[in-house]
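The entries follow the order in which I looked things up.

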Amino acid sequence: MTFNYALEKKKFDAAWEFLRKFYVTSGMEPSAIEAMHEYDWDVFKAARIEALHTQELKLPPDMDDESEAPESPLMKKFGKQLTSEYDTFGGHSRYWWLDELTTPCLTIGIPYLTDADKELLTMYVVDGLTTREIAKRIGITHVAVSQKLGKLFNYFK
């Protein structure tokens with residue numbers, strides 16, 4: 001973000017030339033007009049200071065989120081402080097949600113689930129994947145995934 005002081009000051013002065021004439025013809029007192037000018041001048045200076053001390057943090061359009069070398073000077077300088085690792089599982093294992101279940105018929109069977117069953121349920125329930133997407137990930141048919149899910153859901157009835 002750049003601030004062309006000369007251009008912006010020229011615009012400000014032109015606008016105030018018009019406003020001053022309007023206020024005088026409207027019958028405003030010179031002290032009130034001057035107070036309004038001073039207020040607008042303070043706003044102008046504040047906008048200039050903000051523009052001089054503000055830089056955008058956006059990455060150049062040719063870079064994706066996976067890039068390691070952002071071009072923004074602020075990202076280079078403060079990138080580590082401005083980014084964080086998002087813990088998807090809230091400090092828990094991938095199957096934390098199974099421990100959160102409180103229905104007795106569900107909690108009784110959880111210790112007997114295999115890791116493959118837990119992963120299958122997690123992909124379906126937490127990740128929100130379809131049976132076709134799960135099938136692609138684990139390398140079986142979507143019919144087999146549907147059957148396994150059906151057996152697991154029947155197991156908890």
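In which kind of crossing does H6 pass H7? I found that H6 passes H7 in a right-handed crossing, and I note at the outset that I am reading this from a predicted model.

**Entry on H6 and H7.** I looked up the geometry next: the axes of H6 (residues 115–125) and H7 come within 10 Å and cross at roughly 140 degrees. Angles over 145 degrees would count as roughly antiparallel, and H6 and H7 are therefore oblique to each other. I then listed the contact, to which H6 gives Leu120, Met123 and Tyr124, while H7 gives Thr131, Ile134, Arg137 and Ile138. By class, I have five nonpolar residues, one polar and one charged in the contact of H6 with H7.

**Entry on H7 and H8.** For H7 (residues 131–138) and H8 (residues 142–155), I noted axes that come within 8 Å and cross at roughly 110 degrees. The range for roughly perpendicular is 65 to 115 degrees, and H7 and H8 are therefore placed in that class. On the H7 side I wrote down Thr131, Arg132, Ile134, Ala135 and Ile138, which meet His142, Val145, Ser146 and Leu149 in H8. The residues of the contact of H7 with H8 divide into five nonpolar, three polar and one charged.

**Entry on salt bridges.** I turned to the charged pairs, where the count comes to seven salt bridges, and I followed up some of them. Glu34 forms one with Arg20, with the closest N and O atoms 3.7 Å apart. This pair links distant parts of the chain, since Glu34 sits in H2 (residues 30–52) and Arg20 in H1 (residues 5–26), 14 residues apart. I checked accessibility as well: Glu34 is partly exposed at 34% relative accessible area, and Arg20, at 32%, also counts as partly exposed.

**Entry on Arg94.** Which residues are linked with Arg94 in a network of salt bridges? I found Glu119 and Asp127 linked with Arg94 in this way. The side chains of Arg94 and Glu119 meet at 3.0 Å, N to O; Arg94 lies in the loop between H3 (73–82) and H4 (96–99) and Glu119 in H6, so the pair ties together parts that are 25 residues apart in sequence. For Arg94 and Asp127 I noted 2.4 Å, N to O; Asp127 lies in the loop between H6 and H7, so this pair ties together parts that are 33 residues apart in sequence.

Conventions
Residues are numbered from 1 along each chain as its sequence is written. This is a predicted model: local features need pLDDT of at least 70, side-chain atom pairs count only at pLDDT 80 or more; totals for chains, interfaces and linings use all residues. Side-chain values use heavy atoms; hydrogens and water are left out. Axes are lines fitted to C-alpha atoms, for helices over the stretch in contact, and angles run from 0 to 180 degrees between N-to-C directions. Helices (H or I, at least four residues) and strands (E, at least two) are DSSP runs, numbered from the N terminus. Angles under 35 degrees count as roughly parallel, over 145 as roughly antiparallel, 65 to 115 as roughly perpendicular and the rest as oblique. Contact means heavy atoms within 4.5 Å. Ala, Val, Leu, Ile, Met, Phe, Trp, Tyr, Cys and Pro count as nonpolar, Asp, Glu, Lys and Arg as charged, and the others, Gly among them, as polar. A crossing is left-handed if the near helix is turned anticlockwise from the far one by less than a right angle, and right-handed if clockwise. A salt bridge is a side-chain nitrogen of Lys or Arg within 4 Å of a carboxyl oxygen of Asp or Glu. Buried means under 20% relative accessible area, exposed over 50%, partly exposed in between (1.4 Å probe, protein chains only).
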